[in-house]
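Hello,

Please find the structure you asked for in this message. My notes follow it.

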Amino acid sequence: MNISSFRRYLAIALPFAGSAILLFSCEADRAAAEDTGTENLMTEYSENLSIVMSENGRKSYHFETPLLEGYGQARDPYREFRKGIKITMFEKDSTAAESAVLTSNYAINYGNRRLWEAKGDVVVTKSDGKKLFTSQLFWNQATGRIYSNVDSKIVDGDEVYNCEGFETDESMNDLTYRKLDGVTYFTSSEEAEAYASGGSGKETASATSDSDAAASAAPAEDAD
């Protein structure tokens, strides 16, 4: 091929190559846009929802929420509860006895991973009267574990346990602290609960526990 022919070849080939690159880029952008659109496509919507879940013929959970929005086409399918949720858990050896009740201002559930995240004024009330107050909590249904990595308060009678994270089972019977910062004592259980929930409490004494007073727990899982 002489120089003149080579130049004519480049004059024809280069515009085609540029068009092919542009076409590929457009197709990639279109595919990304479609993927994003699918990711944000709401596939489920319910208001004032109340569902009782059963396992082996007995009630296991009761979910109540003002609003549920589901995104089943997302890469990690999830259901979002932007107006809060109430989850009642039942004893494994009973058909009706409640073991604990969880409420929060917001929650999200990743269906494939069976992982819940609750945020905003999270409160867990046990059937024996103990209460947990935290700003963020994770519940892994696959492992049956509940845990948090942020500051939390556990009310037991007139005592409040202040900790930096915790882990427990679904019935909150084997509670272990990641780091126990101290125990605060009050004149009554009402005062203790008011303090833990962010209200005013009449403190009578306080004690800071060393690390040997707190049981260690396995590292918590990430929500992502």
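Predicted model: local features only at pLDDT ≥ 70, side-chain atom pairs only at ≥ 80, totals over all residues.

Residues are numbered from 1 along each chain as its sequence is written, and side-chain values use heavy atoms, with hydrogens and water left out.

**Pocket**

Rolling a probe the size of a water molecule over the atoms shows where empty space is left. A pocket here is an open set of points on a 1 Å grid over the protein atoms alone, where a 1.4 Å probe fits and protein lies on both sides within 12 Å along at least five of seven lines; lining residues have an atom within 4 Å of a point. The largest pocket holds about 320 Å³ of space, the volume being the space filled by probe spheres set on the points, which are joined across faces, edges and corners.

Its lining has 17 residues, and Met53, Phe63, Arg79, Asn109 and Trp116 are the ones nearest the centre. By type, the lining of the largest pocket has 8 nonpolar, 5 polar and 4 charged residues (nonpolar is Ala, Val, Leu, Ile, Met, Phe, Trp, Tyr, Cys and Pro; charged is Asp, Glu, Lys and Arg; polar is the others, Gly among them). At least two lining residues come from each of strands E1 (44-55), E2 (58-71) and E3 (78-81), and E1 gives the most, with 6. Strands are DSSP runs of E, at least two residues, numbered from the N terminus.

**Glutamate 47**

Strand E1 also contains glutamate 47. Its side chain makes a polar contact of 2.5 Å with that of tyrosine 45 (a pair of N or O atoms within 3.5 Å, one able to donate a hydrogen and the other to accept it). Beyond four places in sequence, glutamate 47 is in contact (heavy atoms within 4.5 Å) with Pro66 and Leu67.

Isoleucine 154, in strand E9 (residues 145-156), counts as buried because its relative accessibility is 5% (buried is under 20% relative accessible area, with a 1.4 Å probe and protein chains only).

Tyrosine 161 stands opposite valine 183 in E12. Strands E10 (residues 159-169) and E12 run antiparallel, joined by 5 bridges (pairing takes at least two DSSP bridges). In E12 (residues 180-186), 5 of 7 residues are buried.

Regards

Terms used:
Helix = DSSP H or I, 4+ residues; strand = E, 2+ residues; numbered from the N terminus. Buried < 20%, exposed > 50% of the residue type's maximum accessible area, 1.4 Å probe, protein only.
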